[in-house]
Amino acid sequence: MAAFPNLNSDAGLKKLDEHLLTRSYITGYQASKDDITVFTALDKPPTSQYVNASRWYNHIDALLRISGVSAEGSGVIVEGSAPVVEEAAATPPAADSKDAADEEDDDDVDLFGEETEEEKKAAEERAASVKASTKKKESGKSSVLIDIKPWDDETDMKKLEEAVRSIQMEGLFWGASKLVPVGYGIKKLQIMCTIVDDLVSVDTMIEEQLTVEPINEFVQSCDIVAFNKI
């Protein structure tokens, strides 16, 4: 079970950042209620000084906006924080605020008046937003572990990782990474990412982005080590 001091203190943020140095999530290999417990204990997003905690925070925030988090986790203790109830963990906060906004909109509607062009346009935009949100929520997600090998021992692995993380697209969230010795002084980059299945194809990303110019200046080959549905 993971344990953290007050996460709104420098000591707490430092421990969280160190904990996430080699992890994508607080516990286990997928987002869980443990991540939500820590996420809600933070009064504000970690600054860029805590690069691992900041990366994790943005990733969890994105997951909540897409479909919420429902996995149980193995337990986490945060000083001064109450455990997360099931409903709060499973339901994206964005949906709650939207429902509240919709209720306020309904209160303002004149059921006996003539609908204006602005009201028609607003109704169409809300319908389109709900449709898009529903489609995203129905999309499955996967956790992927990728091995990325350099050309030789002279390849700048820091620049290689920067080039890999420069690939940005809807539904792709880069996670933790580490360098793994291969032999003869060569190290490979092992990196985690979470994808929305309907939006991202890992095979296509490897063929069309990771192994072509300009990234192939650093990357010799890529292999999918693990692919797990979330």
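View 1. A nonpolar core here is a set of buried Ala, Val, Leu, Ile, Met, Phe, Trp, Tyr and Cys residues joined through side-chain atoms within 4.5 Å; buried means under 20% relative accessible area, exposed over 50%, and partly exposed in between, with a 1.4 Å probe and protein chains only. Helices (H or I, at least four residues) and strands (E, at least two) are DSSP runs numbered from the N terminus. Please keep in mind that this is a predicted model, where local features need pLDDT of at least 70, side-chain atom pairs count only at pLDDT 80 or more, and totals for chains, interfaces and linings use all residues. Residues are numbered from 1 along each chain as its sequence is written, and side-chain values use heavy atoms, leaving out hydrogens and water.

**View 2. The surroundings of Trp56.** Not counting residues up to four places away in sequence, Trp56 touches Leu16, Leu20, Ser24, Tyr25, Ile26, Asp35, Val38, Phe39 and Leu42. Contact means heavy atoms within 4.5 Å.

View 3. The structure holds two aromatic pairs. Rings of Phe, Tyr and Trp (its six-membered ring) pair if their centres lie within 6.5 Å; planes under 30 degrees apart are stacked, over 60 edge-to-face, and the rest tilted. With centres 6.5 Å apart and planes at 65°, Phe39 and Trp56 make an edge-to-face pair. Phe39 lies in helix 2 and Trp56 in helix 3 (residues 51–66), so this pair ties together parts 17 residues apart in sequence. The rings of Phe39 and Tyr57 are stacked, since their centres are 4.5 Å apart and their planes at 25°. Phe39 is buried at 11% relative accessible area, and Tyr57 is buried at 12%.

**View 4. Thr27 in its loop.** Thr27 sits in the loop between helix 1 (10–19) and helix 2 (33–41), and is buried with a relative accessible area of 11%. Its side chain makes a polar contact of 2.5 Å with that of Asp34. A polar contact is a pair of N or O atoms within 3.5 Å; within protein, one must be able to donate a hydrogen and the other to accept it, and residues adjacent in sequence count only if both atoms are side-chain atoms.
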